[in-house]
Amino acid sequence: MIKKGITGFSLPGDMSIAEKMQLAKRAGIDGIEFSITQRGELSAESTDAALKQIARVARDTGITLHGLACSMSWQSSLTSKDPAVRQAAKDNIRLQMRIAEVLGVQTILTLPGFVGVDFKSVNLFADPNVIYYDVSAEVVDYQDAYNRALEGYIELAPLAREHGVTIAIENIWSKFLTSPLEFKQFIEQIGSPDVGMYLDTGNMLLYGYPEHWIRILAPHIRQMHFKDFRRGSATLSGFVDLLSGDVDFSAVMRQVRAMGYDGWVSAELTPYQNAPEATVYSAARALDVILNLA
């Protein structure tokens with residue numbers, strides 16, 4: 001049975017982690033994919049005792065911690081020309097694996113790296129603990145980016161087994177791995193059962209169709225973001241509420257059913273400016289509708 005989740009950044013940024021879990025549970029959400037931030041309750045400075053307390057609160061609340069992202073991934077890149085920046089990107093993934101193991105999280109969300117980005121630095125999710133979308137403006141040669149990212153994941157893959165986690169690579173707006181066939185090739189060249197894909201239904205809509213990606217990458221998909229986007233916009237403002245954009249969720253669900261997927265799908269939305277708590281209720285209702293399609 002497919003499980004309903006939400007990203008931590010879709011919840012009000014001024015709430016504590018415990019309050020976010022309680023809100024999600026009241027709204028009918030089963031799990032949360034939190035993100036490690038620069039500071040705050042879940043950060044690089046969190047002690048094991050503090051992390052275990054978060055895990056206890058989740059169990060007591062009835063929320064599964066099913067995924068773990070890292071906001072610092074937007075300040076470093078596996079593909080950078082600078083070896084120090086590439087090392088920082090690998091260190092972030094190592095941090096994710098360590099924290100995930102303590103929390104009991106099975107899947108970490110990682111970014112493949114950047115050839116280039118067009119959007120400016122912005123804290124999209126209005127979380128006071130996050131410096132978000134602050135990627136270097138460098139443009140990286142595509143072949144160099146591919147080679148560096150592949151080398152990085154091959155190096156990191158054995159650590160995933162040691163920590164008991166799966167590394168899932170998300171398709172993002174970075175002008176890199178923009179074809180499902182290339183993404184499939186990339187994962188298969190890494191050659192590890194502990195590395196797969198974190199598919200986002202909204203992120204490829206400018207240049208593709210999520211139902212095609214799901215069919216081609218089905219054996220490698222570990223988790224999914226359900227996100228919507230309007231093709232008339234080429235900016236971050238094009239991301240809209242689920243069922244309000246151009247993602248064909250009926251076609252998406254046909255492919256999800258065909259692949260026999262029974263994992264997590266997480267709604268990822270920007271909290272409503274004037275009523276942020278309402279966002280999770282809208283997301284939960286939309287997920288119920290989508291999961292009953294096809």
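Ile214 has its place in helix α6, where helices (H or I, at least four residues) and strands (E, at least two) are DSSP runs numbered from the N terminus. The model is a predicted one, in which local features need pLDDT of at least 70 and side-chain atom pairs count only at pLDDT 80 or more, while totals for chains, interfaces and linings use all residues. Residues are numbered from 1 along each chain as its sequence is written, and side-chain values use heavy atoms, with hydrogens and water left out.

With a relative accessibility of 0%, Ile214 counts as buried, a term that means under 20% relative accessible area, as against exposed for over 50% and partly exposed for values in between (1.4 Å probe, protein chains only). Once its neighbours within four places in sequence are set aside, Ile214 is in contact with Leu199, Ile221, Val252, Gln255, Val256 and Met259, contact being defined as heavy atoms within 4.5 Å. Between Ile214 and Met72, by contrast, there are 27 Å from C-alpha to C-alpha, and the two are 142 residues apart in sequence.

Helix α6 (residues 210–217) packs with helix α7 (residues 249–258) at an angle of about 10°, and their axes are 8 Å apart; the axes are lines fitted to C-alpha atoms, for helices over the stretch in contact, and the angles run from 0 to 180 degrees between N-to-C directions. The two helices α6 and α7 are therefore roughly parallel to each other, given that angles under 35 degrees count as roughly parallel, over 145 as roughly antiparallel, 65 to 115 as roughly perpendicular and the rest as oblique. From α6, the residues Pro210, Glu211, Ile214 and Arg215 meet Ala251, Val252, Gln255 and Val256 of α7. By class, the residues of this contact of α6 with α7 comprise five nonpolar, one polar and two charged, where Ala, Val, Leu, Ile, Met, Phe, Trp, Tyr, Cys and Pro count as nonpolar, Asp, Glu, Lys and Arg as charged, and the others, Gly among them, as polar.

In the loop between β6 and α6 lies Leu205, which is buried, with a relative accessible area of 2%. Not counting residues up to four places away in sequence, Leu205 touches Pro210, Phe229, Arg231, Asp246 and Val247.

A pair of aromatic rings is described by the distance of the centres and the angle of the planes. The structure holds 11 aromatic pairs, and rings of Phe, Tyr and Trp (its six-membered ring) are paired if their centres lie within 6.5 Å, with planes under 30 degrees apart counting as stacked, over 60 as edge-to-face and the rest as tilted. One of them joins Tyr142 and Phe176 edge-to-face, at 5.5 Å centre to centre and with 65° between the planes. This pair links distant parts of the chain, 34 residues apart, with Tyr142 in helix α4 (residues 142–163) and Phe176 in the loop between β5 (166–170) and α5 (180–190). Tyr142 is partly exposed at 32% relative accessibility, whereas Phe176 is buried at 1%.

The rings of Tyr153 and Phe186 have centres 6.0 Å apart and planes at 90°, so this pair is edge-to-face. Tyr153 lies in helix α4 and Phe186 in helix α5, so the pair ties together parts 33 residues apart in sequence. Tyr153 is buried, with a relative accessible area of 0%, and Phe186 is buried at 0% relative accessibility. Ring pairs link Tyr142, Tyr146, Tyr153, Phe176 and Phe186 into a cluster.

Most residues other than glycine have a negative phi, and most peptide bonds are trans. Lys175, in the loop between β5 and α5, has a positive phi near 60° and is partly exposed, with a relative accessible area of 41%. Leu177, placed in the loop between β5 and α5, has a positive phi near 55°, and Leu177 counts as buried at 1% relative accessibility.
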